[in-house]
Structure formats: C-alpha cells, structure tokens
Amino acid sequence: MINYNLFKGEKWRNSIDLADFIKSNLTRYNGDESFLKPTTERTKAIWNKLLKLIEIDQKKGIYDLDVETPSSIISHKAGYIDKKNEIIVGLQTDEPLKRAIKPNGGIRFAQKASESYGYKIPDHIVEIFEKYRKTHNQGVFDAYDDEIRLLRSKHIIAGLPDSYGRGRIIGDYRRVALYGVDFLIEERQKFLKENPALTSVENVEESIRIREEVTDQIKALEQLKEMAKMYGYDISKPAKDSKEAVQWLYFAYLGAIKEQDGAAMSLGRVDAFLDIYFEHDLKKGIYKEEQIQEIVDDFIIKLRIARHLRHPEYNALFAGDPTWITMVLGGVDISGEHMVTKTAYRILHTLTNMGPWSEPNLTVLWSDQLPESWKKYCAKQSILSSSIQYENDDLMKPFYGDDYGIACCVSGMTIGKDMQFFGARANLAKALLLAINGGKDEPVYIKTTFSDDEARSDGMEAEKKLNKETAFDCDKEYCKVIQEKGGDIIIPNLEELQKNEYLDFDSVWRQYMQVLDWIAERYARAMNIIHYMHDKYHYETLEMALHDEKVRRFMAYGFAGLSIVADSLSAIKYAKVKPVLNYDGVAEDYIIKGDYPKFGNDDDRVDNIAVKVVENFIKMLRKYKTYRNSIPTLSILTITSNVVYGKATGSTPDGRESGTPFAPGANPMHKRDSHGAISSLNSVSKISYDDAQDGISNTFSIIPASLGKNLEEQKNNLVNILDGYFVGKGGHHLNVNVLNRETLIDAQKHPEKYPQLTIRVSGYAVWFNNLSKEQQDEVIARTFHDRF
Amino acid sequence: MKRKGYIHSIESLGTVDGPGIRTVIFFQGCPLKCQYCHNPDATLNPIKDTKFYTIKDLYEAVMKNSEYWGEDGGITFTGGEPLAQPDFIIEFAKYCKEESKKNIHLTMDTCLFSSTAILEKLSEYIDLWMISFKHYDPILHKKLTGVGNDQIIKNLDFLDNILSSKNNGHYIRIRYVVIPNFSDSQTYIDEFVKTISNLKNIEEIELLPYSRMGREKWIKIAGKYGFEGYIEPTREDLDKVAKSILEKAKKNYKFIY
C-alpha cells in the first residue's frame, strides 16, 4: 500500500501538478529490453476470446449495438469479458464490443449509423432529440450561412465535426489516480467560491458559461465515482498500488469515452506516471515484473476493444474504425534529461505479447537525448509490427513543455492545460482549381475502367447515360463518368485564367492567394459556429473536469492536397500547362509540355512553393477572430480522407487525373519522389512547424530489404533515419511501415492469412483488413522505397 | 573546379552499398560491358540520362543527406564505373574532406579497371574499396565483361600494397558475384581464394547474388538481354559459397550477404 508522504516533491501536493509529481519521482531506464516478460496464459486466454468477437465485429461492421440507452458515464451497468480473470475492469456497455449511441452530437448521425448495420433507434428516443433536446448538429445548421453551406456541399471544406463529436480533447486521466475524485471535486468547488470574476456583471455571458461548465464538471466527477462503484471500486481517494493506479486511470478514460465519441479520444501521457507506481511496488516486492506486464497487457487490451458507433461515410473519411487512443511514450524533459522508463518498454512490448494492433496509437517522442537502447528497441518494434509513429519532441517542447500528449495523430497539447477545437480541413487543391477557373468549381469525373465483365456492364450503363452527358471519352478500356458537373460560381468577380492558352504562374498565384483568403474567412466562420454549438449542446464535462479550470485553446484548422498544389504550381511555373476546356468553358483537364520539379525530391524550386502556401494560408487564418480567443493553428493531415478528397477533385495541373487520390498528409505524390526516401523526407521537413503547429503528417513505407540486410542493420539504419529526419532536419512526424508490397497484395486477397496485419496510415494505425478495397489499393499504390 | 561530373543519378537512401546509410552517386559510363549489368541505363546510354554536376553542386546535393549518415554511413561512388571519371572523383573526394572539415566515410564501388596512378592518388581518400570480382578465368571474364582481368588482378595487388604502406585504416571489401553454374564451382572458388589470399587489407567478403533485375532495362535500351539462361542464387547457394571460401581461406573473413 502506497504512502504518498514518502514520494518526493512538494508542488504536486498543494495543487494539481502531475508534471512535478512525475519529475520528482521518475526512475529513468537506460538498459535494454531484456527485462521484459512474455504474456501469461491468463492474458492469452482473454485476448484469444476477444479475437473471436473482434472477427465478428469486423465481418458484420459492428459486433452489437445498444440502441435503447443513449450513452453517458453511468448509462450502462458493469460489463466484463471474463469477470474472474480480468485484472483491469470496465467496458463501455454491459458487453465487450457492444457499442452505444451518443445522440447529443447529432441524432441523424446516430440513426444513419444504426440503420447501416441493421439496427433502429426507437422512435421515442429519436423524438426526444428531435423535439425536446436539441443536438450539436441541429445547433450548427441553424447558424450556418449560405456560403458555408456551399463550401461544404462542394467539398471545399470537408469532414467538419458538425454532425458528430469533435474529439481531440485529452482529459488528464492520471489526476484521478494521483488525487482521487474527491480532491478534484473540492478543487472545483473552491474555484467557484474563490473567483469573484465569475459573479461580476462585466463579462456576463462568459462568467455564466464558466459557472455552468464547472458545475457540470463536478456532476461528471460525481458520476465517475458512481460508475466505478458499479464495478466495486471506490475511487474517491488516491490509488493505493500499481493495479489501482491503472484501474483509476482507466476508469477516468472509460468515463470519457462513455460520454463522448469524438473523432479522436486520445489517452495522453501515462508511461512515466504509471511507472512510478510500478517501481514502488516492485521495490516493495508487492508485484513481480511478470505481474506488472500482465497489468499493462490487460490495460492495453481494454484500449484495443474501445469502439464507437460510426456510419459508412464517416468511415470513408476515417478508415478502419479508429478511436485514436493516442499515447505518447518516452521523450525528454525541459532540462534535457530523458523520461524513458521501463513502462515505455512494457507498453511497446504489448505488440510482441499480443501481436500488432492498431490501437492504442503508439507515439514515440523522438529526441537527440533519448538513450540509444530505447531508440533501437523502438526501431525493432517498428520493423516487426509497423504499428508505431514518431514525433519530434525537441520541436514540440517549446510549445507545450514536457508534459504534453498528442491528440489524434499529430496535435500536440499540454496535458490538462490545453485543448483544441478540431477543424478537419480545407481542400487546397480544389481551391487552386477555383482560382484557375475564375471562381467556378471544376467538373469532376471518375474514370471507370472495364477490366472484367461485371465492370464492363457498368461501362454499358455509363454509355447509356451518355445521352444525359454524364459519361464521355468512352472506349473499350474505360469511360469517364461525370460526378460533378461543375461550372457554378463559388467566388464572384475573378478572372477566368483557364481561357488563356497557357497558364501564367504569376496570375495563377495572385488569384490563388485571393481564393485562399476568401476561403479562410468562411472557414473561420464555420469553425466558430461549430465549436460554439459543441460547447453548448455536447460539452465534454468529464474530459474538461480533468483539465485546469482555465485552459489554453487552439483553433485547429487543417488542409489537404499539399503535394498536388505544390506540383501543380511548379508545373505552371517550370513547364507549360495548357487547360483543356469543357463545353461550359471550365478546365476539365490539363496538358503539360515539358518537365517540372516535383515535391519530394529535395528540390527547393518546388519545395519552396509548398512552404509558401502553408505560410500564407496560416497567416490568412490568423487574421480572423476566433471563438473563445482560441489560437489558430494548422495541420497538414488527411487521415485516410485523401482518397475521398481525391474523388471530389477534378484533374489538376500536375497531371493528376480527376477523381484519383491525393497523397496522404504532407506526403509527396506517389512515385514522383525519384531520388530515394531521404530526399522525400527532406522535402517534407522544409515545412515550418511554426506555420503548421497542429502537425505535419508524413508516412514512410519501406521494404525490409531496403532497410538493411538483417534486423541488426535494419534497426541501426532506422534509428539513423529517425535521427536524421527529426534531429537533423527538424521534421515533425513520421509513420513508419516496414513491409513488402507483396504482403499487402496477398493480404488483400487472403485476409484470413493476416489476422493482425497492421499498417500506419496518415497519423494512425489501421488493421489492414478493415480498410475498403479502394483504400487498400491506395495504400498499395503508395511509394514504397525499394531501391538498391 | 570547373570540371563537371557525368552523373546518372543520386540515391539518397542507400543501405546495401557500404556500411550504414549512404548517399549513393551513380556515375555515368563504364569501360566494362558486363552482360548482366543491372544498371545498363548508367553504362550504355551515356548522354540521354546524364546530369552534369560541378564539384560544388554535387557536394551540396549530397550533403543535404549528411544528417542521416550517423556514425557508419557516408557517400558511395558507384555507377557505371566511377573510376572512369578519375580526375573529377579525386577533386571531389578532396573537396569533401576540406569543405566538411570532417572525415566523411567514402566508399568506392568499382571493378578496379583503372591505372595505378589513379589508385595511388585515391587511396588517400577512399575509406572502403568495394571491389567487385566477376571471374578469375581471364577468358570467361572477357566474354562476360568485354575486357580481360589481368590488369584488375594486378591493380588489386597494387592497391593492397599501398594500403599496407599507408596503414591508415582504409580497407578492401571484395564483392564476389555469385552466379549458379557460372561462378560458383569449386575450381573457380579455389582460384578466387588463391587470388585474394595474399592480400592483407581484405576484411570482408560480400557475396553479391546475381540478379536479373537489369533484364527489363536491357530489353528497353538494347533490344535484348545478353545473359540469358542463368538463374538467381538462393540463400542456400550463397551459404554454400561462403562455406567453400572459408574452408580454403587462411583468414577468417567477415561475410556479408
């Protein structure tokens, strides 16, 4: 039993200060992985039992769904996988993998999702949310103006969290373990009492809002205690040993995912914190290493089976059913000492003990100062599992200190002190086409190829539709089928540059900047509305209860299409680009004469264009006032929406054909990076993190043989690549996949042979079998670095 | 400094042409005409694919990758045949040492068909000589590459002697091209071992498995592939060759493959 008086440090005792607790009591580990213990029979039995349920979950889309009970912290009674044998307990509903509805985000989203899996939300529940209890989604659409609706329906701004939970908020779940819930409640009550500003008549709305929010937070904390009680635990006081520390922390997280199903529900930074409890108990002889690993394994299992209810269109944006339980590992503190503990190893070791998996989203914070043995262990686990992403600790520390986590894929935030307003992304490739076509939207067609009889009959269908002008250029191989006619004026009073014989760089650039600025203003407007309404109708009471009362907020804008924009502008500048107009006089294709430098080859001529676009776009976004004075930031991250964005975007001047995918995140376009992987990394590393503080996502896929002749060489080389990209070049983020393309092709054909094949996509890991055929194709088509 | 190098391409992530992570410079052109060459685009098509680099430009292009080299990595000269552009390489190697103020690890991947004077000059700069040994038999060597191997073998002795006299840690890795039923018979291996057994600066032997990777390029460029009828060796074939070499050799070479 832990006696907290014996722990070191003072600051954390008097006020909530996890960073101080961790720094005062942390045991740094410089050794290698040889201390790690294998999985126990108990763990194996539980995991194998779950694998069977997961198979059903994957095949049916969802294992089961409770449509009767809108989810809340205390909505469902206790549920177990195997009550006798579980070490860490707690499920989102009364059964493993059974999902729940969370209609506060939007009842239509919940209905659509339920119906797509053959369930129906009962009328009386629908009625509540349609008639008596307004949802976030309803609020947003009540306030949207026509321009925002137009930008949204034209896919120029897409994926906005206006019909579902916004997510990307990380509660400091550790607080529950260290302080117990009662202390957290007392602190909140004290805050309400001791803040005269909250009763002032100056900032009327703000003080009323804060009083309401803090009171809701207190209620959430009370409910959290009640939820734990259903499982037989009293979490009002601090955790008394290792198992309780994990259990308390997990309960806090579980409460959050029962209340919210935001796009990304990340976990934060728990490795060094939990390690303090583990070290204490190991020293006292209360637990042995094998038992500690078993606790970690059991905890990770719980995270692996967290599920939310999504509908198929949502899955097209965020493929593979991700929950983004992102947890960061390792890192270095402000004074330059590393924070790697044995528990960071234990968490990565779960990939060995239970095989690779997509969740939690394991994120290693990379720095020059990390111990060499840790770097090598990370590289090894990456090579064997393709389940890890890396982010530059040295780059983020100046912004967030040394107790920060990552929400979703690449969004940094100080745990318990920062939050963000998630803003999906603008399609900057489409914006470029608007600039070329004088503010009119471009026609979008999809090339349907007929490789087999079935497809050929589709082609016949397309031929039939030819009369309606939806198909053109048909031949035996393929047919171009119009998806969007285009030609509507989105932005008035622009010059029709497409009518020139060749596009002129200066004119296109000038008009593009005008277009971006026009979009930026409306994007800001949309974001303000969305987050105003989310706070009002779908506030994260528990997550915010696990923050400081006063938080720093980021307004997290984003965009897609970086490499297409850079390459298109480079083609216009360095080659000759001739627009091909359709009957309406809008460019539907481009003819490129000559060669041009392409993003991904470490060539400043084009890389500087990419840098400039990012720099200018965030400057424009920063001009506009934001809800709750949030700080505008920008991410270059597509998740898997690069496929969907590509589908909605016509041909671009870089030669990319209409309807085909973008490269993910900030990646260069497939197969255009011809100077090898490092040149490709170098190009991406030129984008300044100051301009894209919400993250610059880069995915790196290499075949094992190209990384070295044996595991030892491969490990060393991967460490050098990571050192080079982060320490040398100041790159921000890297997904690492070490896989053969053939493996993926085979897995596509025979999914049963690869039950746990995991692959990193833009900012998270997915279970390969869970991707659609289209998304799998796109992953396979991606540049694999394979040169000898 | 006005001199320009004829470069086919630069690969920024090389992990199989020398130790660690390397920036690999493919020089254009080669005096040998190996029938199975897997970079025929760098040997046959001299002008079409050539980029011309000044020493400074090449240095700057290469150094963009230097942060990835770690402690083992560096630059590898290959091709084509880098020694076919000796003056450029010597100046470039000198420039690297002077400009970077560091000892950038330089690897020369060569067939060693060159003059002794050039080897002497370069021995000052090249840390690792990777010498690919095609065949001990002069007739088969000529048939395969268009030139005999006597000068190559002489150069090997010469280089070894120079490295011994300089004693500066520079060394040789022999790359033996393993082609089943062409270069893997016991007689050939015995002769190969005899050839290298007196050389003092060989630490490593790399077994290069014959690869048909160049076949498609050959057909595209020259209309046909001149080395039909041979198969790529398996891992077991390479194990066997390594074992045969070790049995004959006086020295305990480190094998790489």
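**Cores, sheet and strands**

Start with the largest nonpolar core: it has 301 residues, and the ones with the most contacts inside it are Trp374(A), Tyr512(A), Phe617(A) and Trp129(B). By nonpolar core I mean a set of buried Ala, Val, Leu, Ile, Met, Phe, Trp, Tyr and Cys residues joined through side-chain atoms within 4.5 Å. Buried is under 20% relative accessible area, exposed is over 50%, and partly exposed is in between, with a 1.4 Å probe and protein chains only. The largest share of this core, 18 residues, comes from helix 19 (residues 505–537) of chain A. Helices (H or I, at least four residues) and strands (E, at least two) are DSSP runs, numbered from the N terminus. There is also a second, separate core of 16 residues, including Cys111(B), Leu144(B), Val177(B) and Tyr210(B).

Ground rules, quickly. This is a predicted model, so to speak of local features we need pLDDT of at least 70, and side-chain atom pairs count only at pLDDT 80 or more, while totals for chains, interfaces and linings use all residues. Residues are numbered from 1 along each chain as its sequence is written, chains are lettered from A and ligands numbered from 1 in the order in which they are written, and side-chain values use heavy atoms, with hydrogens and water left out.

Now the sheet in chain B. It is open, with 9 strands in the order 3-1-2-4-5-6-7-8-9, and the pairing is mixed. Two strands pair if DSSP finds at least two bridges between them. Which strands stand at the edges? Strand 3 (51–54) and strand 9 (254–256) of chain B do; each has a single partner strand, so one side of each is left without a neighbour in the sheet. On average, neighbouring strands here are turned by 30° against each other, direction ignored. For that angle, axes are lines fitted to C-alpha atoms, for helices over the stretch in contact, and angles run from 0 to 180 degrees between N-to-C directions.

Look at strand 5 (residues 105–110) of chain B. Of its 6 residues, 6 are buried. Both faces are covered: His105(B), Thr107(B) and Asp109(B) on one side, Leu106(B), Met108(B) and Thr110(B) on the other. Strand 4 (residues 74–79) of chain B runs parallel to strand 5, joined by 4 bridges. Thr76(B) has Thr107(B) as its bridge partner. Right-handed means that, with the strands pointing away from the viewer, the path from the first strand over the helix to the second runs clockwise.

Strand 5 of chain B also pairs with strand 6 of chain B, parallel, over 4 bridges. Asp109(B) is partnered by Met130(B) there. The link goes through helix 4 (residues 116–123) of chain B, and this crossover is right-handed.

On to strand 6 (residues 128–133) and strand 7 (residues 171–178) of chain B: parallel, 6 bridges. Trp129(B) stands opposite Ile172(B) in strand 7. Trp129(B) also has contacts (heavy atoms within 4.5 Å) beyond four places in sequence, among them Leu83(B), Met108(B), Leu159(B) and Tyr171(B).

Thr23(B) sits in strand 2 (residues 22–27) of chain B. Buried or exposed? Thr23(B) counts as buried, at 0% relative accessibility. Its side chain makes a polar contact of 3.4 Å with that of Asn65(B). A polar contact is a pair of N or O atoms within 3.5 Å; within protein, one must be able to donate a hydrogen and the other to accept it, and residues adjacent in sequence count only if both atoms are side-chain atoms.

Over to chain A. Strand 19 (residues 733–738) has 6 of its 6 residues buried. His733(A), Asn735(A) and Asn737(A) point one way, and Leu734(A), Val736(A) and Val738(A) the other. Strand 6 (residues 388–392) of chain A pairs with strand 19 of chain A antiparallel, over 3 bridges, whereas strand 18 (residues 699–702) of chain A runs parallel to strand 19, with 4 bridges. Asn735(A) is the bridge partner of Gln389(A), and Thr699(A) stands opposite Asn735(A) too.

Last stop: Ala256(A), in helix 10 (residues 242–259) of chain A. Ala256(A) is buried, at 0% relative accessible area. Ala256(A) and Ile170(A) are 86 residues apart in sequence and 9.2 Å apart in space, C-alpha to C-alpha.
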